[in-house]
Each structure stands twice: as C-alpha cells, then as structure tokens.
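Work through the following exercises with the sequence and the structure at hand. Each task is followed by a solution in steps.

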Amino acid sequence: MIPTLAAAAEAVERPQDAVVRRKVKHRRDWAKIGLAGYFVVFLVFLYVPMILMAILSFQGPYGNLTFPFVGPLSLDWWKSLFDSSIPGSIADDVRASGQQSLWLSLVAGAVVSVLGFSLSMAFRRRWRFKSDVVAFYVIMLALMTPAFLVGLGNQLLWSAMHQLPSLWRTALGANVIWGIPFSFLVMLAVWNRYDRRTEEAARDLGADAKTTFREVTLPLVWTGIFGSFLFGFTLTWNDFDRTILLQNGYETQPLPILIGTWPSSRPIRPDLYALGAGTTVVSLFAILVLLIAVTLRFRLRAAPVHRAAEELGDTAAIGDVRGLAARAK
C-alpha cells in the first residue's frame, strides 16, 4: 500500500517542478572573430612567402625567380647546394658556412640556456629587495632594444677598445645577450608552475642540496632548459642584423650572411630559394625535436608507477602485497 501511494505521489506533476525554457539569442563575439581573422592574416603573411620560396626551389634547370613555375619538377637546384661538381655550384661555400653557423648556434644555445637558467634561479623568490625589479628590467633591456642597435652598440664598444671583431668573440657575445631575455622568460614560466614542496619532501627524506638539485629540480624543469637552448640556437642560426656588424670579413661567414650578401656577389637563381628553404627546415626540425622530447617526457611521467613494499624491502607491487596478505588469512 505504501509503495503504491509513493508512486502515485511521484506521478503527480507539481507546478514548481515545471521546466521553463526560453529562447536565448546567441550574440556573436565580434572581437573574437576579428582577432581570429587578424591571426589568420598574420599566418598568411608569415608563412606564404616561405612556402612560395620552397615551391620555386623545385623548378627545372630553366627556372625563374618569380611565378609561373617552370617545370619539370626537379631537385637540380637542391643538388647544386651539395654537389660541387655541378657547374655554378657553391656547395663548398654552403658547406663551410653551414658548419660555421651550426657550431656558433650550438655554443650560443648552450650559453644562453645556462645563463637564463641561472638568472631564473636567482628570481625564484619574488621581489625580496627593490633592486630585483631593477635587475629584471636590466635583463629585459636587450629584448626591448632593436637587434641592429644591439650589434651597433657592441661594435662601438669593441672599436673603442681597439679590438678587431670576430664571430667567436663579438658576434657570439651579441647573440648570447639577445637570447638571454627569451631564455629568462621561459624559465620564469616554468618556475611559476613549479611545486616547491617536492624539494621539501626530498630534504625531509634526507637528501642534501646537491642531490635535491640533481635528482628532483633538474628532471622537473629540463623542458624549460631545452626550450631556452632552442631559443638561443634558432636566434643565432637565423641572425643577420647583429652578426653582419660584428665579423671582420676574413672568417668563414655564417649562412645568414652568405644569403644576405648573395645578390651582390653571385647571380640570383632558384638555388638561393633552396638554401633559404633549407635553413628554415633546420629551424623547424629543431622545434620538432623539442616537441617530441616534451611529448615523450609527459608520457613517461604519466606511466603507472609500481611502488615497492616497504615492509618486504623488495620490488613487489602493492597488489602483490595484498595478495600475500589474503593468502596468509
């Protein structure tokens, strides 16, 4: 009887239970649409010239510098960058300049990542003194200064010291100065989401400062260090404004200077497009390596961890311990 009355009471519709639905007119967010359109236009102006340059580098032996594409589809202009036996090839210059740019960029990336990481470690405690604010803007000064002025200022400094500029002294130093703010900002973003309680837990378990830094801190922030290295590498690899002012002309020129001085020393052909597309591919490859490394790191961190049973002192998983307890019963 009671269940029947309860079911009847539930079946009765109450006015307060009625759902009132009103038609809501969705308004378009014109600001969001405008920003999205601006972003698309930005991507078009940024990437379309590089894509067109890469397309024109695959023309036949009678290719032009502008459209239309002159067929047939060929790799002749790319081969001229690597095979010195081809008439008119500059493979020797490209090889020497590529090695110079690669080593210079690798050294600059390493120095930038170390200095950026060290500076960010000093700023882990926020604004302990008023001078920290001044130091922050001093570090950001190179980022706010145009690249050409950074190179010009370094050139004037070395000229006042009566020193001859060179790639491994003046150009390398200018590129490191230019890359430090980028590395510093990357590491600050990493420290902002860093949980300091992990270091406190390591110290509570008996780890000293060096062990905590090596076993806890570095594994958690290594992606930021690698990103800092990538900034230093790519900025130096593609630099022209600073390096052109800080080299003496007697050394093997980096690739950006070789490309920039090409029109004044050699005939302009589609192999110039091939060389420009090749340098872009190297930069994209470095970014791809970073993305793959970060993805693998996140997957490894998300993998299940089998904790050892402290009571047994071996590598048995918790499930095994529970199984042993059940058998004992």
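**Exercise 1.** Find the helix in which Thr-279 is placed, state whether Thr-279 is buried or exposed, and list the residues that Thr-279 touches beyond its sequence neighbours.

Solution. Step 1: Thr-279 is located in helix H12; helices (H or I, at least four residues) and strands (E, at least two) are DSSP runs, numbered from the N terminus. The model is predicted, so local features need pLDDT of at least 70 and side-chain atom pairs count only at pLDDT 80 or more, while totals for chains, interfaces and linings use all residues. Residues are numbered from 1 along each chain as its sequence is written, and side-chain values use heavy atoms, with hydrogens and water left out.

Step 2: The relative accessible area of Thr-279 is 11%, so Thr-279 is buried (buried is under 20%, exposed over 50%, partly exposed in between; 1.4 Å probe, protein chains only).

Step 3: Not counting residues up to four places away in sequence, Thr-279 touches Trp-237, Leu-255 and Ile-259. Contact here is heavy atoms within 4.5 Å.

**Exercise 2.** Start from Leu-255 and describe the largest nonpolar core.

Solution. Step 1: Leaving aside neighbours within four places in sequence, Leu-255 is in contact with Val-94, Ser-97, Gly-98, Ser-101, Trp-237, Leu-275 and Thr-279.

Step 2: A nonpolar core is a set of buried Ala, Val, Leu, Ile, Met, Phe, Trp, Tyr and Cys residues joined through side-chain atoms within 4.5 Å. The largest one has 16 residues, and those touching the most other members are Leu-81, Val-94, Leu-255, Leu-258, Trp-262 and Leu-275.

Step 3: At least two residues of this core come from each of helix H9 (209-237), helix H10 (255-260) and helix H12 (270-302). H12 gives the most, six residues.

Step 4: A second, separate core has 12 residues, including Ala-108, Met-140, Val-176 and Phe-184.

**Exercise 3.** Count the salt bridges and describe the one between Asp-92 and Arg-95.

Solution. Step 1: A salt bridge is a side-chain nitrogen of Lys or Arg within 4 Å of a carboxyl oxygen of Asp or Glu. The count by this rule is five.

Step 2: Between Asp-92 and Arg-95 the N to O distance is 3.2 Å. Both residues lie in helix H4 (residues 91-122), three residues apart, about one turn of the helix.

Step 3: Asp-92 is partly exposed at 47% relative accessible area, and Arg-95 is partly exposed at 40%.
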